[in-house]
Structure formats: structure tokens, C-alpha cells
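Visitor: I am new to this structure and would like a short tour. Could we go through it step by step?
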Amino acid sequence: MIDLSTSYMGLDLKNPLIVASCGLTKSLRGVQKCAEAGAGAIVLKSLFEEQIAAEVDELTRHVDSVGHTESFEYLHGYGEALGPREYLQLVGDAKKTVDVPIIASINCITDQRWADYAKRLAAAGADALEINIGFLPHAAELSGSDVEDRYTSILYAVRTQVDLPVALKVGPYISNFAHLAERLGIDRVAGPAFSVGWCGPGETEKEITWQGADALVLFNRFYNFDIDVDTLQLAGGNPYSTSADIHVPLRWISLLAGRVSCDLAAATGIHDGWDAVKQLLAGATTVQVCSTLYRNGLGQMGLILEQLREWMQEHDFALLSDFRGQLSQVRSEHPGDYERLQYIKALVGME
Ligand SMILES: Cc1cc2nc3c(=O)[nH]c(=O)nc-3n(C[C@H](O)[C@H](O)[C@H](O)COP(=O)(O)O)c2cc1C
């Protein structure tokens, strides 16, 4: 008897397949369909601070903002409450309607917003939060450690405001991901050795401890940048991944599994049951899917779960824990194989 159930950030999932944050999870109907199709958990479409700011701008466009009049302040505050209102409603409705864990997702820019929206989403009934950090460190004056501090500071801001499990979803553009992952994913983090903006009065000087992330989601696949050579304009690249995109997250899951104490959710390039098996063997706690559902429909989830079950049967595994992390670096007798980057004939058989 195959049992696909798993724990993820302390939540009980009937299987490890999670619908990633995307347009398919932006409405109650979408959430219902994902649940009916067999999802183990659902991450709602992100609530973007930029989107809220745009709504607020629209609301206050006709008000004279010179000197920040009282009516401007009122409308501004009202607009901010209005912006996420529909999102909070979705969280509440989804919780009432489906019986799989609902993970709310936020993407903020300004520091104070992260904690503020995290609190509101927790109050709306979300089972967990996924913090979607999209940060392109392109400024020359920004050092690698400044970038790491930014991630840690955001996690700290949310962590210290809500009691919910918190997952951190990041992109792969980080100088030394192992170092950052350790800072973010360990149980107790001494700090803050970073921006003190989130410390309470008197906390700036003292050593405080706080809990790291409950999970890291590796990796987000960001909006692709491209150029149209006919129109000489910027253009968006293909929004959807293929199985060929699995390799970067697969390597990092296998390098980090067993080394950070938080859960690891694999994301990007998981299109079929074998992609899911690979990530679980590497050490993923759960796998997130998005592009394959856009390409093949929600029925693909049933197929992925069936392929996973068949593979487990073939290999005599009854539980995910029977094989999870079996091919992680920490359990390997040849750890160097996980760090190989170059085509050297004697080592990889081609040049
Ligand atoms: C149309 C679309 C919308 C997305 N919206 C979000 C979003 O709001 N928040 C987020 O964290 N990721 C978002 N993503 C990224 C996905 O959640 C996922 O991490 C990424 O597509 C990689 O997974 P995949 O290879 O299975 O597609 C979106 C992706 C697509 C294609």
C-alpha cells in the first residue's frame, strides 16, 4: 500500500504535490479545481505590493496631494485597505471551501509592508505564508552580503509578526546560496546582523534570536527578459518552463537536503512524475508545479501522482520517507559529483 502523505512546514499534506502560486490559483473557482484535481496544498497567486500601490494611486489621482491633505491621507489609507481586501476574502473563502492547506503568497517592496500584509493574511485564516522575494541586485554598489541582509531582514520582519509557518521563495541569482540558505533555514538565527529597521526599541544593540524559515522554495522562475529583433522593442520570453529547467533547482535541493533544518520545496521544471521523483530523491519535502498545468491542464496532477505511485511500487517503497534524500549530497559517497560544473572528458565522458 503506497502512502504519499507528508508533513510540510508542520502542515499535513495528503501528497507532496503543490500547485505553485500563479494565475490558476487567483480565484476561488481556480482553487476548487486544483483541490478537485488532487493537489496536496495550494499556494495562492501572490498579492503584490506594486498592484496595491497602483490601486491606491488610481484612487487618489484626483485628490490634491500637495501637502498631503487630510482627504488624501484618508483616501490613501482607505485604498491600502481596499487593495488586499479581495485577496483576504479569497483566503477566507478558500479555507472554508477546500480541505487542503491554503498557503497565501505576498511580494512586497518596502520593508514595512511585508510585516503588515503578513499579519492581515494570517488573520484571514491562511494555513501558511509564502514570501515571494523577487529581487534583482543590479546596482554596482550593492555587495553580496548587502543582498543576503535584505533577504534575512524580510524574513525577520514577517517571522516576528506572525505565528504561521513561513516559506521563503527565492530566485537562483544569489552569490553563495548555501551561505544564505543556512542563514534563512536554520532553527534559531542569531541576529540581527543586518538592517536594524525591524528591531524594536532597544533591540538594536542586543543579541536576539528568532526562528528561521520553515521552508525554502527553490527556485522561482521569474518573468523572462527578451528583445524582439523585428520591432526593436523589449519583449517577454516564454513564461512556461520545460523539464530541461529542472537542473538548477535539482542540484541545489541535493546540495542543501540534510544540511538545513527547514523543509525544501522544489520548484521549476517539474512536469511529470519522474521529475517529481528526481526532486524527492534529491531531498525535496514537496514539489511545486505550475507550467505543466498551464500546458497540459489540471488533469496532469493525477498523472504525476500516478507515475509517482507506480515508480514507488516498482522500487518497493511504501512511504516518501523510504527514499527521500537518498541521492542528496550529504548521503553520497561521492560528494564531489554534485559540484561538478565543467565538461572534462575523463570526468564526465565528453568535452
Ligand atoms: C503565469 C504565471 C504566473 C505566476 N505568478 C506567480 C506569482 O504570483 N507568485 C509567485 O511566487 N510565482 C508566480 N509564478 C511562478 C510559479 O509559481 C513557479 O514558481 C514557476 O513558474 C516555476 O515553476 P514551473 O516550472 O512549474 O512553471 C508564476 C508563473 C507563471 C507561469
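Visitor: Where is the place of Met9?
Guide: Met9 lies in the loop between strand S1 (6-8) and strand S2 (11-13); strands (E, at least two residues) and helices (H or I, at least four) are DSSP runs, numbered from the N terminus. This is a predicted model, in which local features need pLDDT of at least 70, side-chain atom pairs count only at pLDDT 80 or more, and totals for chains, interfaces and linings use all residues. Residues are numbered from 1 along each chain as its sequence is written, and side-chain values use heavy atoms, with hydrogens and water left out.

Visitor: What is phi of Met9?
Guide: Phi of Met9 is near 55 degrees, which is a positive value in a residue other than glycine.

Visitor: Which peptide bond is cis?
Guide: The bond from Leu218 to Phe219 is cis, with omega near 0 degrees. Phe219 sits in the loop between strand S11 (215-218) and S12.

Visitor: And in what sense do S12 and S13 pair?
Guide: Strand S12 (residues 225-228) pairs with strand S13 (residues 233-236) in the antiparallel sense, over 4 bridges; a pair requires at least two DSSP bridges. Asp226 stands opposite Ala235 in S13.

Visitor: How many residues are between S12 and S13?
Guide: The two strands form a hairpin with 4 residues between them, and Leu232 in the turn has a positive phi of about 55 degrees.

Visitor: Turning to helices, at what angle do H8 and H9 pack?
Guide: Helix H8 (residues 247-256) and helix H9 (residues 273-282) pack at about 25 degrees, with their axes 8 Å apart. The helices therefore count as roughly parallel, a term for angles under 35 degrees. Axes are lines fitted to C-alpha atoms over the stretch in contact, and angles run from 0 to 180 degrees between N-to-C directions.

Visitor: Which residues make the contact?
Guide: H8 contributes Pro249, Leu250, Ile253 and Ser254, and H9 contributes Lys278, Gln279 and Ala282; contact means heavy atoms within 4.5 Å.

Visitor: Which element supplies the largest share of the lining of the largest pocket?
Guide: H10 does, with 3 residues. H8, strand S15 (286-289) and helix H10 (291-296) each supply at least two residues of that lining.

Note on methods
Angles under 35 degrees count as roughly parallel, over 145 as roughly antiparallel, 65 to 115 as roughly perpendicular and the rest as oblique.
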